Amino acid sequence: MGTDLTSKISFIQKYSNIKRVVGYVNKMEKGYFAIASVMTLIDVVISFMALILSAQVLNMISDKKETSEIIKLVFIFLTVYLVLNVLSAYCQKHVETKRQAIVKKWNYMITNKMMDMDYSLAESPFVGELKGRIQKDLNWGAGINDILWQCSGMISDVLYIIGAVIINIPILYQIISRGNTLGIIMIVIVYIVSVLLVKLQIKKLEKYQHRFLDEPYEAEEQAKRYGLTWEMATEQLYEYKNGKDIRIYDGYELFDEYTYGRMERYTRHYTHQTGKMAATAESMGDGIKSFMYASGYVVVGVITFSSQIPVGSIVQYAGAMQNMFSGIVNLSWNFWELAISARKHLSTLELIELRDEMYKGKLPVEKRSDNEYEIEFEHVYFKYPGGKDYALKDLSLKIKIGEKMAVVGMNGSGKTTMIKLLCKLYEPTQGRILLNGVDIKKFDADEYRTLFSVVFQNFKLFSMELGENVAGSEQYDNEKVKECLEKAGFTIDEEKMNKGLNTCLYKNYDNDGVEISGGEAQKIAIARALYKDAPFILLDEPTASLDPLAENEIYAKFDSIVGTKTAIYISHRLSSCKFCNDIVVFHHGSIIQRGSHEELLEDVHGKYYEMWNAQAQYYQK
């Protein structure tokens, strides 16, 4: 279900949307709305106390009461006022604490969902489009804070209306009991006019909302033709790692054109129109409030013209009447804003409520100290979500225990796809993958993945401490981390990394962070794979950016430290093949050759022979 804010929806649907979003908020921090309501009630009482006190003091002066009586009344009111303010401050502290907790939990809920959902779903075009909608929906708001503030506003409006009605009961009683037709007509007229004005204002606001939030920006659509949106351009401009290239190639001028130049040209007319609409809507709001204030005094004036009402009571009733009419106006306004905010959060709820597609196995993986694990692909077909062609076709392959296998082939031949299926990041479209004869679908996914240490082609290191990057945890064995780094060929430069394992990589979060080279990053990634100490080690083209000789050196070192573990080396280059007795050649998603290096070279018409002869020159010293 999308979040098309432009479509017309009924009051019931608006209420349903609000109830749905508020229900999520209430589950996160129970008691928030209760204590927020108590705090708002206290604030409303304080507000009305000032009005009542002013009225009573005027009446007592008019009645020529003793000064001591007036002082006594003021003292009582001030005492109650101070007590209520203390209670309000106490509630405010708890409301703010709970509000911050809700914001954190809401953001964590989104982050946790992205981390916890099936990888196949997280990588799907649908989720990519949904994340784009979420960013668009919340781009002009304060996130879940909008919901909290607007709910508080509605609670306040309702309480002001109730308080105003209670205070005005005596004057309303007089109007009815004395048959003051003119007073009744005045109240009805003011109420009807107020409702019509609010309805007209909301209609203007909805039109403004449609232009301001819902219509696709012409500028963004134009920018997309060039493959770059405003957000993407801005993000790249502020990414410090791009600084060198921006300066060398005068990239700032290019980004300035994307972020400001085109946007200014494409949005000048649009901005002018929305500005006029916003000014009109705000002016209407100010006009309605002025009408409310004036109406309160006019209505009370008409009533008092034919009734004996003390001067102080006139002030009290007029103020209460203003509060009542203003409360009605503000309630309509806040309900409209809350309905819009709730609809903007529906895309977030759509993400939260997405159900995983992969089968959730619960079978534990047998823990074997001898690492006697065997993997077999049985007639596996796989097609990516939304894809037209199969990435893998009828793949049947057995990976023997303790062997070193090289999987080679041109880019896009299905090598990495096989690894994703092997690691249970995706499920086969057809066929099965077996671990010791058991379909891997039946195993608990997290437990199953502990069997694999993988260095992906596009591996990522994090802007965290070196030791945490290797161990994947805040708590780690210092000596083991150092040993794995040493095995991977990474030497800690004490001058560059003066904090040792506590040195932060990169400068995203730490100004003292260290920038590392691509080669250093690859060695750290390999050390991370070694630290995990899993039965299967998979290298998925992690050295593709290196020259062939450097790649050969890394494979040689890695081969020496793998030992008896089962290892799979994936590459479109053939430097890893000399360390493997079993070589599998992929082409267009299928295995077209398998054998040793010598056996495959005997087939002079085969793909392996073609690739080897095209690359062999690079491995000659």
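Predicted model: local features only at pLDDT ≥ 70, side-chain atom pairs only at ≥ 80, totals over all residues.
Let me begin with two helices, H2, residues 32-62, and H3, residues 67-116, whose axes come within 8 Å and cross at roughly 160°. At that angle H2 is roughly antiparallel to H3. The residues in the contact of H2 with H3 divide into 25 nonpolar, five polar and four charged. As for its hand, the crossing of H2 and H3 is left-handed.

I turn now to the salt bridges. The structure holds 17 of them, and I shall discuss several. One group is a network of salt bridges that links Glu 29, Lys 98 and Lys 105.

The next pair is Glu 123 with Lys 420, a salt bridge in which the closest N and O atoms are 3.6 Å apart. Glu 123 sits in the loop between helix H4, residues 119-122, and helix H5, residues 125-138, while Lys 420 belongs to helix H14, residues 415-422, so this bridge ties together parts of the chain that are 297 residues apart in sequence. The two partners may be compared by their accessibility. Glu 123 is partly exposed, its relative accessible area being 37%. Lys 420, by contrast, counts as buried, because its relative accessibility of 14% falls under the cut-off of 20%.

Since Lys 420 has brought us to H14, let me stay with that helix for a moment. How much of H14 is buried? Seven of its eight residues are, so the helix is largely enclosed by the rest of the structure. The buried residues are Lys 415, Thr 417, Met 418, Ile 419, Lys 420, Leu 421 and Leu 422. Just after the helix, Lys 424 adopts a positive phi of about 60°.

I come next to Arg 133, which takes part in two of the bridges I wish to show. Its salt bridge with Glu 129 has its closest N and O atoms 2.9 Å apart. Both residues lie in helix H5, four residues apart, which is about one turn of the helix. Glu 129 is partly exposed at a relative accessible area of 40%, whereas Arg 133 is buried at 17%.

Which part of the chain does Arg 133 reach through Glu 350? Here the closest N and O atoms of the salt bridge are 3.3 Å apart. The pair links distant parts of the chain, with Glu 350 in helix H13, residues 346-352, and Arg 133 in H5, 217 residues apart. Glu 350 and Arg 133 are both buried.

Let me close with the strands. Strand E9, residues 582-587, is mostly covered, five of its six residues being buried. Which strands pair with E9, and in what sense? With strand E3, residues 404-409, E9 runs parallel, and five bridges join the two. Within this pairing, Ala 406 has Ile 583 of E9 as its bridge partner. With strand E10, residues 590-595, E9 pairs in the antiparallel sense, over five bridges. There, the bridge partner of Val 585 is Gln 593 in E10. E9 and E10 form a hairpin with two residues between them, and in the turn His 588 has a positive phi of about 55°.

Thank you for your attention.

Definitions and conventions. Residues numbered from 1 in each chain as written. Heavy atoms only, no water. Salt bridge = Lys/Arg side-chain N within 4 Å of Asp/Glu carboxyl O. Buried < 20%, exposed > 50% of the residue type's maximum accessible area, 1.4 Å probe, protein only. Axes fitted to C-alpha atoms, helices over the stretch in contact; angles between N-to-C directions. Parallel < 35°, antiparallel > 145°, perpendicular 65-115°, else oblique. Left-handed = near helix turned anticlockwise from the far one by under 90°. Nonpolar A, V, L, I, M, F, W, Y, C, P; charged D, E, K, R; others polar. Pairing = 2+ DSSP bridges.
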